[in-house]
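Good morning. I will go through one structure, a part at a time, and stop where a question comes up.

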Amino acid sequence: MNSGVQDSGFPMEGDPPLLKLEGITKRYPGVLALDRVDFDLRPGEVHVLFGENGAGKSTVISIAAGALRPDAGGIEFRGQPIELASVHHARALGISAVFQEFSLVPQLTVEQNLFLGAEETAFGLLNKSALHERAAEILERLGFPLRPTQHVAFLSRAEQQMVEIAKAFRSELSVLILDEPTASLTHRETEQLFALIEQVKAQGVGIIYITHRMSEIRHIGDRITVLRDGRYVATVDAQTSDDELIRLMTGRVIDQIFPKVRYRPGKTILKAKNLTAADGTVTDVSLNVRQGEIVGLAGLVGSGKSEVARACFGLLPISRGRCVFDGEETTGLSPRLMLDRGFYYVPADRRDEGLLMMRSVRENIALPALSTPDFSRGPLLRRRSESVRSHDLAKRLNLQPLRIEREVDHFSGGNQQKVLLAKSLTRDVKLFVFDEPTVGVDVGTRVAIYEFIRDLCEAGAAILLISSDLPEILHLTNRTYVMCRGVLAAELSGGDISQENVLRHCFERDAA
Ligand SMILES: Nc1ncnc2c1ncn2[C@@H]1O[C@H](COP(=O)(O)OP(=O)(O)OP(=O)(O)O)[C@@H](O)[C@H]1O
Ligand SMILES: [Mg+2]
């Protein structure tokens with residue numbers, strides 16, 4: 001069996017780069033997404049693409065992976081000019097990408113997804129059992145805890161991502177492209193991915209890596225290319241300081257990422273008592289959230305932290321326990337009714353449940369507010385007030401480009417996240433539940449989102465912040481619950497909310 005990696009030998013001085021993009025330009029109607037961008041990838045390096053939301057990172061890799069054709073510019077692969085006709089063509093050359101938005105077929109199993117489209121090429125007429133074996137082998141080599149026969153529809157986002165990554169390894173690999181791969185991975189899965197990256201690096205594979213997380217750059221990066229507004233800014237060493245990177249990225253200096261919050265805990269808004277979900281993801285969880293505080297809900301992917309909120313919001317059936325919202329029994333009420341009472345849940349999955357991708361930003365932002373007075377003064381007036389408010393909100397969250405009539409689908413990943421957040425601001429809300437609010441957003445936007453959460457808290461809202469981003473939990477919350485395998489492992493407050501404490505409780509039941 002081949003090892004899944006092309007034997008290119010060790011990189012030698014004077015070798016041509018694996019991949020070279022020169023003067024790449026890409027236009028969308030009304031947007032110059034890339035303006036003469038240069039980029040090169042050496043064998044055995046991790047080359048990070050860095051830049052604000054909408055800077056053009058995903059566009060660069062879509063072109064490198066054959067998913068998108070440039071309007072101008074050239075591509076060389078191992079010193080030879082090539083035209084990448086399709087993703088399939090690129091894969092055949094050993095260039096494989098894991099995109100921000102996955103391309104899995106939910107109705108199929110892991111193994112069927114792994115070899116989708118490749119059945120006839122690399123593997124001839126492989127029969128079912130051979131496919132099964134090959135899939136099992138790849139998953140095992142990568143250390144992914146998946147069964148080949150599992151249906152993708154039942155996998156978590158992190159697990160689906162593993163399938164996407166495994167897909168890249170189904171044939172010979174010389175360029176691996178990862179677009180924010182850790183956005184939905186846990187600490188441990190991230191470590192695993194990094195180990196994997198080290199392993200393929202040593203075999204001469206070049207990796208293009210997109211991330212908004214500074215710590216990752218330092219950890220696995222070799223070189224960084226910074227893009228701003230579709231233009232090439234610089235290529236620097238991965239040891240370049242955070243301040244310098246942020247300056248290159250934004251053109252300005254940001255000194256404070258986390259704002260100082262003045263908590264004023266008041267009346268209890270949400271109270272869950274011995275909550276147990278019918279599907280077994282949550283067992284016997286009791287917690288409360290008061291006005292004027294930001295309560296964290298930390299834990300690994302699969303620990304049940306999202307499910308607690310989803311059960312309280314009526315998205316997940318409860319088999320035992322109760323929910324009290326603003327003093328009233330609300331156990332088992334539908335999301336619609338919870339929303340009317342002032343419970344707003346901002347889901348982690350913007351594509352599947354958060355946004356209508358084919359509708360405009362304005363329509364998405366205005367949607368939850370349709371029944372509130374300001375938006376229901378007759379169609380004409382409504383449209384106008386919708387526009388004004390949507391525009392204000394979009395501006396406040398620094399939507400790029402600030403075009404509210406544009407379809408959400410046409411915005412970059414981080415900008416879609418901003419639309420999702422803006423949506424929550426159009427109603428009278430007592431409790432905001434933010435589920436991974438900063439996944440995929442750049443540092444500048446992160447600051448805007450944190451300030452926005454602080455403002456809500458200081459204005460007296462109750463906030464539940466569900467996050468796998470530790471710094472976020474440490475800096476923003478005044479109390480934090482830690483979930484581990486469906487149960488509450490700890491409640492920490494004030495100075496006890498430390499990295500060490502949170503992590504210890506995330507893992508402690510694992511060790512037992
Ligand atoms: N299908 C599309 N139609 C129109 N414009 C698009 C489309 N896809 C991307 N764009 C625009 O191209 C520019 C670059 O987007 P791209 O997705 O490459 O950004 P990015 O750097 O990956 O951002 P993020 O960090 O948010 O993922 C943005 O201005 C975006 O709005
Ligand atoms: Mg992107």
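A backbone N or O atom of G413 sits 3.5 Å from an oxygen atom of ligand 1. Please keep in mind that this is a predicted model.

Let me stay with ligand 1. For G414, a backbone N or O atom is 2.8 Å from an oxygen atom of the ligand. R406 makes its approach with the side chain: one of its polar atoms lies 3.2 Å from an oxygen atom of ligand 1. There are 19 residues around the ligand, and those that come nearest are G54, K57, T59, S412 and G414.

Next, helix α15. This helix runs from residue 443 to residue 458, which makes 16 residues.

Is α15 mostly covered or mostly open? Mostly covered, since twelve of the 16 residues are buried, and buried here means under 20% relative accessible area. In general, an α-helix has 3.6 residues a turn, so residues three or four places apart point the same way.

What caps the N-terminal end? The cap is D442, with a side-chain oxygen 2.8 Å from the backbone nitrogen of T445. After the helix comes G460, which has a positive phi, near 105 degrees. A461 is in the loop between α15 and β18, the strand at 462-466. A461 counts as buried because its relative accessibility is 7%, under the 20% limit. Along the chain, A461 and G266 are 195 residues apart, yet their C-alpha atoms are separated by 9.7 Å.

On to the cavities. How many are there of 30 Å³ or more? The count is two. The largest cavity holds about 120 Å³ of space. It is lined by 16 residues, and R213, T438, V439, G440 and R446 are the closest to its centre.

Helices α5 (157-168) and α6 (187-202) each supply at least two of the lining residues. Here the classes come to five nonpolar, two polar and one charged.

Two more residues, and then I am done. T225 belongs to strand β9, residues 223-228. Is T225 buried or exposed? Buried, because its relative accessible area is 1%, again under 20%. The side chain of T225 is joined to that of H47 by a polar contact of 2.6 Å.

The other residue is L356, in the loop between α11 (350-354) and α12 (361-366). L356 counts as partly exposed because its relative accessibility is 38%, which falls between the limits of 20% and 50%. L356 and L420 are 64 residues apart in sequence, and their C-alpha atoms are 9.9 Å apart in space.

That is the end of my part.

Key: Residues are numbered from 1 along each chain as its sequence is written. Chains are lettered from A and ligands numbered from 1 in the order in which they are written. This is a predicted model: local features need pLDDT of at least 70, side-chain atom pairs count only at pLDDT 80 or more; totals for chains, interfaces and linings use all residues. Side-chain values use heavy atoms; hydrogens and water are left out. Helices (H or I, at least four residues) and strands (E, at least two) are DSSP runs, numbered from the N terminus. The expected span of a helix is 1.5 Å times one less than its number of residues. Buried means under 20% relative accessible area, exposed over 50%, partly exposed in between (1.4 Å probe, protein chains only). A polar contact is a pair of N or O atoms within 3.5 Å; within protein, one must be able to donate a hydrogen and the other to accept it, and residues adjacent in sequence count only if both atoms are side-chain atoms. On a 1 Å grid over the protein atoms alone, a cavity is a set of points where a 1.4 Å probe fits but cannot get out, and a pocket is an open set with protein on both sides within 12 Å along at least five of seven lines; lining residues have an atom within 4 Å of a point. Grid points are joined across faces, edges and corners, and a volume is the space filled by probe spheres set on the points. Ala, Val, Leu, Ile, Met, Phe, Trp, Tyr, Cys and Pro count as nonpolar, Asp, Glu, Lys and Arg as charged, and the others, Gly among them, as polar. A residue is near a molecule or strand if one of its heavy atoms lies within 4 Å of it.
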